[in-house]
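Here are some worked exercises to go through with the model open beside you. Try each task before you read its solution.

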Amino acid sequence: RTYNSRPYNEAISFWYIFNYLALTLWPVTWALQGEYPRAAPLVLMIIILLTLVIIYIRLGKFSPAASWMEYVFVHFPTQLYLGWILVAAPVNAFVTFGGYVSADYNEAQLDAIRIAGIVVLVALLLLEVAIVAMRRDPVIGYVLLWASIAIAIERWEQ
């Protein structure tokens with residue numbers, strides 16, 4: 001079969017194109033945050049995340065019929081990419097909103113920000129467990145576990 005005759009091609013091609021457009025613009029807006037609205041990279045990251053979720057769900061419908069080559073070259077990279085973006089999006093949000101943290105904040109306000117970070121880590125952990133349990137997808141689970149541990153270690157050292 002040719003690439004164009006694959007059953008998932010029509011289901012995901014538009015979303016991949018939309019995803020790559022947002023992905024192409026994201027580093028530009030990230031690097032030029034002073035030139036663009038501060039939330040522009042976050043909006044693009046949310047678009048990247050949502051399009052990947054749509055792709056992941058649509059690919060899941062074809063997963064049992066996937067050959068090992070389709071898994072290695074289509075499903076696995078998508079799972080890895082989604083796992084990474086599931087971590088990058090909240091980090092992007094904290095960096096974006098962290099720019100609004102003032103040196104005038106008192107300790108209670110800073111504690112609230114720290115608690116929000118812990119809540120996000122717990123939410124990532126719950127998401128990881130749900131994906132692994134419901135979709136039997138260890139790739140996303142491993143990426144989220146690795147990133148969660150790395151973020152927790154970095155936060156602990158600060």
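**Exercise 1. Which residues does Ile85 touch, not counting residues up to four places away in sequence?**

Start with the ground rules. This is a predicted model, where local features need pLDDT of at least 70 and side-chain atom pairs count only at pLDDT 80 or more, while totals for chains, interfaces and linings use all residues. Residues are numbered from 1 along each chain as its sequence is written, and side-chain values use heavy atoms, with hydrogens and water left out.

Next, look for contacts (heavy atoms within 4.5 Å). Ile85 touches Met45, Ile48, Leu49, Leu52 and Pro90.

Now put Ile85 in its setting. Ile85 is one of the residues with the most contacts inside the largest nonpolar core, along with Ile48, Leu82, Leu86 and Ile140. A nonpolar core here is a set of buried Ala, Val, Leu, Ile, Met, Phe, Trp, Tyr and Cys residues joined through side-chain atoms within 4.5 Å. Buried means under 20% relative accessible area, exposed means over 50%, and partly exposed is in between (1.4 Å probe, protein chains only).

**Exercise 2. Describe the overall architecture.**

Count the elements: the protein has 5 helices and 0 strands, running α-α-α-α-α from the N terminus. Helices (H or I, at least four residues) and strands (E, at least two) are DSSP runs, numbered from the N terminus.

Then take the chain totals. Of the 158 residues, 32% are buried. Among contacts between residues at least 6 apart in sequence, 69% join residues at least 24 apart. The accessible surface is about 10,100 Å², with 71% of it belonging to carbon and sulfur atoms; these areas come from the Shrake-Rupley method with a 1.4 Å probe, and for residues only the protein chains shown count as cover.

**Exercise 3. Check the spans of α2 and α4 against what 1.5 Å a residue predicts.**

The expected span is 1.5 Å times one less than the number of residues.

- α2 has 21 residues, so it should span 30 Å; its end C-alpha atoms are 30 Å apart, which agrees.
- α4 has 29 residues, so it should span 42 Å; its end C-alpha atoms are 41 Å apart, which agrees.

Just after α4, have a look at Arg136, which takes a positive phi of about 50°.

**Exercise 4. Is Thr51 buried or exposed?**

Locate it first: Thr51 is in helix α2 (residues 40–60). Thr51 counts as buried because its relative accessibility is 2%. Beyond four places in sequence, Thr51 touches Trp15, Phe18 and Asn19. The buried residues of α2 also include Leu44, Ile48 and Tyr56.

**Exercise 5. Where is Arg135, and what is it in contact with?**

Arg135 is found in helix α4. Arg135 is partly exposed because its relative accessible area is 35%. Setting aside neighbours within four places, Arg135 is in contact with Tyr56, Ile57, Gly60 and Ala130. Arg135 and Ile57 are 78 residues apart in sequence and 9.8 Å apart in space, C-alpha to C-alpha.
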